[in-house]
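I opened my notebook today to look up a few things in a structure, one entry at a time. Here is what I wrote down.

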Amino acid sequence: MEKLFEKEELLALYFNVIEFGPEIYGIREAADHYFGKHPQALSLLECLFLGSLIPNPKKYYFQFTNGRVTENWRKRLAFFGKAMFDRKKIDEAKYESMKPFRPRFVQLGPDGERIIPGMEEEESVLDEEIFIPAHELDEQELENEGNMAFDEEIAP
């Protein structure tokens, strides 16, 4: 296949057919499902998140169903962003724009309607019967079982 196609063409074919979550195939469907956007409108952070799902998209889908990435996942995204900056793939402004490395997902409201990031006044996390702003929760409360381990020796 490498003799027939350029590397960019192979990558485009790959991203248009792989699974990004349960029954979510291709980058267009993934961009819409997770972020309510067309792939061309994705931010670099959103692209990093989608790429980080690829090893096991069904297992890592809990990030979306929880409505936020865990602290370990945030560190993983920060590591990827820093590696891109260190290797001069992105400039400092692009790197800084990704902080704090917490992509904002499309949410489902109580009636099942989609809430696109940026449309709501304040980001909140459902806790039992009341809403508590995410910034008022400590890191332990934001973490959830099923977190992916983060090895600081591999990705400081």
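**Entry 1: Gln-63.** I started with the contacts of Gln-63 and left out residues up to four places away in sequence; Gln-63 touches Phe-49, Arg-68, Val-69, Thr-70, Trp-73 and Phe-105. I noted that this is a predicted model. I found Gln-63 in helix 4, which covers residues 62–65. Is Gln-63 buried or exposed? Its relative accessibility is 0%, so Gln-63 counts as buried; the cut-off for buried is under 20%.

**Entry 2: aromatic pairs.** How many aromatic pairs does a search of the whole structure find? I got 16. I picked out Tyr-34 and Phe-49, whose rings are 5.7 Å apart centre to centre, with 70 degrees between the planes, an edge-to-face pair. Tyr-34 sits in helix 2 and Phe-49 in helix 3, 15 residues apart, and the pair links these distant parts of the chain. Both Tyr-34 and Phe-49 are buried.

Next I looked at Phe-64 and Phe-105, which also form an edge-to-face pair, at 5.6 Å centre to centre and 75 degrees between the planes. Here the two partners are 41 residues apart: Phe-64 is in helix 4, and Phe-105 is in the loop between helix 6 (92–97) and strand 3 (107–108). I wrote down that Phe-64 and Phe-105 are both buried.

Then I followed the ring pairs onward. They link Tyr-34, Phe-35, Phe-49, Tyr-61, Phe-64 and Phe-105 into a cluster.

**Entry 3: helix 5.** I checked the span of helix 5, residues 71–86. Its 16 residues reach 22 Å from first C-alpha to last, close to the 22 Å expected at 1.5 Å a residue. Which residues of helix 5 are buried? My list reads Glu-71, Trp-73, Arg-74, Leu-77, Ala-78, Gly-81 and Ala-83. Trp-73 was already in my notes as a contact of Gln-63. Just after helix 5, I saw that Lys-88 takes a positive phi of about 60 degrees.

**Entry 4: Pro-39.** I found Pro-39 in the loop between helix 2 (27–35) and helix 3 (44–53). Leaving aside neighbours within four places in sequence, Pro-39 is in contact with Ile-27, Arg-28 and Ala-31. Pro-39 and Ile-27 are 12 residues apart in sequence, and their C-alpha atoms are 6.6 Å apart in space.

**Entry 5: the surface.** Last, I turned to a nonpolar surface patch of about 450 Å², made by Met-1, Leu-4, Phe-5 and Leu-13. Leu-4 lies in the segment before helix 1 (7–15). At 70% relative accessibility, Leu-4 counts as exposed, because the cut-off for exposed is over 50%.

Definitions and conventions:
Residues are numbered from 1 along each chain as its sequence is written. This is a predicted model: local features need pLDDT of at least 70, side-chain atom pairs count only at pLDDT 80 or more; totals for chains, interfaces and linings use all residues. Side-chain values use heavy atoms; hydrogens and water are left out. Patches are made of residues with over 30% relative accessible area and no salt bridge: like charges are joined within 9 Å, nonpolar side chains (Val, Leu, Ile, Met, Phe, Trp, Tyr) within 5 Å. Accessible areas come from the Shrake-Rupley method with a 1.4 Å probe; for residues, only the protein chains shown count as cover. A salt bridge is a side-chain nitrogen of Lys or Arg within 4 Å of a carboxyl oxygen of Asp or Glu. Helices (H or I, at least four residues) and strands (E, at least two) are DSSP runs, numbered from the N terminus. Buried means under 20% relative accessible area, exposed over 50%, partly exposed in between (1.4 Å probe, protein chains only). The expected span of a helix is 1.5 Å times one less than its number of residues. Contact means heavy atoms within 4.5 Å. Rings of Phe, Tyr and Trp (its six-membered ring) pair if their centres lie within 6.5 Å; planes under 30 degrees apart count as stacked, over 60 as edge-to-face and the rest as tilted.
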